[in-house]
Amino acid sequence: MPCGKRERRRGSYGKINFEKMEYNTDFLIIGAGIVGLSLAYELSSFYPDASIAVIEKEPYSHCHASGRNSGVLHAGFYYSKDSLKALLTRDGNRLLHEYCDRHNIPINKCGKVVVTKDENDLIGLYELEKRGKTNGIELFKIDERELHSLEPLAKTYKFALYSPTTSSVDPKEVLEAIIKDCREKGVKLFYNTPFLELKTQNTIITQSAIFNAGYVINAAGLYADKIAHLFGLGRKYKILPFKGLYLYPDKKYIDNNQINNIHIDNNIPSFKRHVYPVPNLKNPFLGVHITVTPKGIPKIGPTAIPCLWREHYGGIKNFSLEELLEVISTELRLFFSSNAGIKGLFFEEIQKNIKAIMVRSAQTLLKDGIDLSGFKRWGQPGIRAQLFDNREKKLVMDFIVEYDKSSLHILNAVSPAFTCAFSFAKFLCDKIENRL
């Protein structure tokens, strides 16, 4: 609610001055992506009498990772037992499934198979199976015959894993539903309202308003580290952006096949399940895989290509020389660190800019003769706000949250943050309650 006070400040157009509205709010969330919105939704139930405001620099919630991710609801068997990801993914998967069902949001409950290429992959497969059991995930080790019945196009070496609770949704539909629920609960959403500066401990200056907050929550994605540093937290971390791209069937195919059961046509096979490789568990990326959208359309990807600046979606849009120099400096330090696998990861990911290499990577998951030549069109790019540890010179694998009595900062809300949105929000509410 506006508190009636105004502050006269210079505008950005010549010498014209304008007045900024000033707001008092119990909670101020910076960032209206899936994590920020889910937290606002949960806080409104946790503290029903509290005022909650969310500021977002973009005109919509889906402009960045929250609206550009794969839409896959992960089951939770990738993550080591001592991680936040392991703690939150299983329940997050269940809660988001329930939310979609309640709101009649289409969800493709197709499940996923994880296949192996050789004997070496079996070691990773057995580790995933072990993690799944430890984390209480419904997961089955299957043989080649069982794989064929679940996904006839996939192949594996001896064994594979089947995850029945892995699904896919349209992220934008989920975001729109949460926005509606937040507004109905009295949450104030301020779009086109970028964070500009921290005036005092909890007074935030934006382009159009001033917010005096009882407690500040930073869910700013690609800029979460910058904001955390202003509050004196997260100083050893820095965001390192990676671009994710998927290959889709050509547009003509998409336009003609907006149905759930797509038949083999135009060099596009019909997949029953998501098909994933065994990933390198030392890296935070899952490798090139095949996912099936809620409408049954398959896609190949993603890449994890190092970006040159934080919002480097393509061309020179959103170019920042300061960010270019900062990102290149960080990437070089990581590249020349003692982590020998990073050099190979960088080279491998950069090559995925070439469509033929992406298709070839996906082909290794499938039986001989499966034609993927119809995958010709890059989808909308997304950028992963991957956290980098400056001191240890490594990519951070787990979610990272730092907080004190006046603010909380979500520093590494990468995959599976979309899946974990509701369970993550409940976890954060507990942290906030213990600090208030």
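Predicted model: local features only at pLDDT ≥ 70, side-chain atom pairs only at ≥ 80, totals over all residues.
1. Start with proline 302, which sits in the loop between strand E18 (298-301) and strand E19 (305-306).

2. You'll find proline 416 in the loop between strand E24 (407-410) and helix H12 (421-435).

3. While you're in the loops, have a look at asparagine 192. Its phi is near 55°, a positive value in a residue other than glycine. Asparagine 192 lies in the loop between strand E10 (188-190) and strand E11 (195-200).

4. Lysine 393 isn't a glycine either, yet its phi is positive, at about 55°. This lysine belongs to the loop between strand E21 (382-389) and strand E22 (394-395). With a relative accessible area of 36%, lysine 393 is partly exposed.

5. On to helix H4 (residues 119-134). A quick check on its length works out: 16 residues at 1.5 Å a residue should span 22 Å, and the end C-alpha atoms are 23 Å apart, which agrees.

6. Both ends of H4 deserve a look. At its start, a side-chain oxygen of aspartate 118 comes to within 3.1 Å of the backbone nitrogen of asparagine 120. Just after the helix, glycine 136 takes a positive phi of about 70°.

7. What does H4 pack against? Its buried residues meet strand E6 (112-115), strand E7 (140-143) and strand E8 (159-163). Leu122, Leu125 and Leu128 are among the buried residues, but so are Asp121, Glu129 and Arg131. Gly124 and Gly132 are buried as well.

8. Last, the pairing of helix H3 (residues 84-102) with helix H6 (residues 171-184). Their axes come within 11 Å and cross at roughly 80°. The range for roughly perpendicular is 65 to 115 degrees, so H3 and H6 are roughly perpendicular to each other.

9. Which residues of H3 and H6 meet? From H3 come Leu96, Tyr99 and Cys100, and from H6 come Val174, Ala177, Ile178 and Asp181. By class, this contact has six nonpolar residues, no polar ones and one charged residue.

Methods
Residues numbered from 1 in each chain as written. Heavy atoms only, no water. Axes fitted to C-alpha atoms, helices over the stretch in contact; angles between N-to-C directions. Helix = DSSP H or I, 4+ residues; strand = E, 2+ residues; numbered from the N terminus. Parallel < 35°, antiparallel > 145°, perpendicular 65-115°, else oblique. Contact = heavy atoms within 4.5 Å. Nonpolar A, V, L, I, M, F, W, Y, C, P; charged D, E, K, R; others polar. Expected span 1.5 Å × (residues − 1). Buried < 20%, exposed > 50% of the residue type's maximum accessible area, 1.4 Å probe, protein only. Polar contact = N/O pair within 3.5 Å; in protein donor to acceptor, adjacent residues only side chain to side chain.
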